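Here is a short briefing to read alongside the sequence and the 3D view.

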Amino acid sequence: QLQLVESGGGLVQPGGSLRLSCAASRFTLNNYAIGWFRQAPGKEREGVSCSNSGDGRAYYSDSVKGRFTISRDNAKNTVYLQMNSLKPEDTAVYFCAAGRRVWNTNICSISDRDDYTSWGQGTQVTVSS
């Protein structure tokens, strides 16, 4: 069974930064598209960013574009989400997920959670002064 473990969450002031990690075991991350999703209290889980399998091309939601960066370290079998200029509305539990889908557009998508079949347990990010 694929396992994903997120870490790096915490409490940060507005304007601050955090780097989330998503470590994989029992499979090679580079063979999978990886998505980051988040869920705030009382809200639907929403896609934040994703990275293609193989070439690592990235996609970002409009709400985080220019502030968040997704990256892969294949040697460590880990995917990161660097979050800068954090805002209170970024407060949520953040999840990473893995999927084998290849999109016709050749770039991953975060519009359908069902494209991702393995999920981590999540890490809490709180942005507050």
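Strands are DSSP runs of type E with at least two residues, and helices are runs of H or I with at least four residues, both numbered from the N terminus. This is a predicted model, in which local features need pLDDT of at least 70 and side-chain atom pairs count only at pLDDT 80 or more, while totals for chains, interfaces and linings use all residues. Residues are numbered from 1 along each chain as its sequence is written, and side-chain values use heavy atoms, with hydrogens and water left out.

- Strand E11 spans residues 123–127, with Thr123, Val125 and Val127 on its covered face and Gln124 and Thr126 on its uncovered one.
- E11 pairs in the parallel sense with strand E2 (residues 10–12) over 3 bridges; two strands count as paired if DSSP finds at least two bridges between them.
- Within E11, Thr126 is the residue opposite Leu11.
- Strand E9 (residues 92–99) runs antiparallel to E11, and 3 bridges join them.
- Val125 in E11 is the bridge partner of Ala92.

**Ser49, a residue in strand E5**

- Where does Ser49 sit? It is found in strand E5, which covers residues 46–51.
- Ser49 is buried, with a relative accessible area of 0%; buried means under 20%, exposed over 50%, and partly exposed in between, using a 1.4 Å probe and protein chains only.
- A polar atom of the Ser49 side chain lies 2.9 Å from the backbone oxygen of Tyr59.
- Beyond its neighbours within four places in sequence, Ser49 is in contact (heavy atoms within 4.5 Å) with residues including Ile34, Trp36, Tyr60, Ile70 and Leu81.

**The disulfides**

- The structure holds 2 disulfides, each defined as a pair of cysteine sulfur atoms within 2.5 Å.
- One of them joins Cys22 to Cys96, with an S to S distance of 2.1 Å.
- Cys22 lies in strand E3 (residues 18–25) and Cys96 in strand E9, so this pair ties together parts that are 74 residues apart in sequence.
- The link of Cys22 and Cys96 is right-handed, with 70° about the S-S bond, and both cysteines are buried.
- Cys50 and Cys108 also form a disulfide, with their sulfur atoms 2.2 Å apart.
- Cys50 lies in strand E5 and Cys108 in the loop between E9 and strand E10 (118–119), so the pair ties together parts that are 58 residues apart in sequence.
- The torsion about the S-S bond of Cys50 and Cys108 is about 95°, so that disulfide is right-handed.
- Cys50 and Cys108 are both buried.
- With the bonded cysteines numbered in sequence order, the pairing reads 1-3, 2-4.

Terms used. A polar contact is a pair of N or O atoms within 3.5 Å; within protein, one must be able to donate a hydrogen and the other to accept it, and residues adjacent in sequence count only if both atoms are side-chain atoms.
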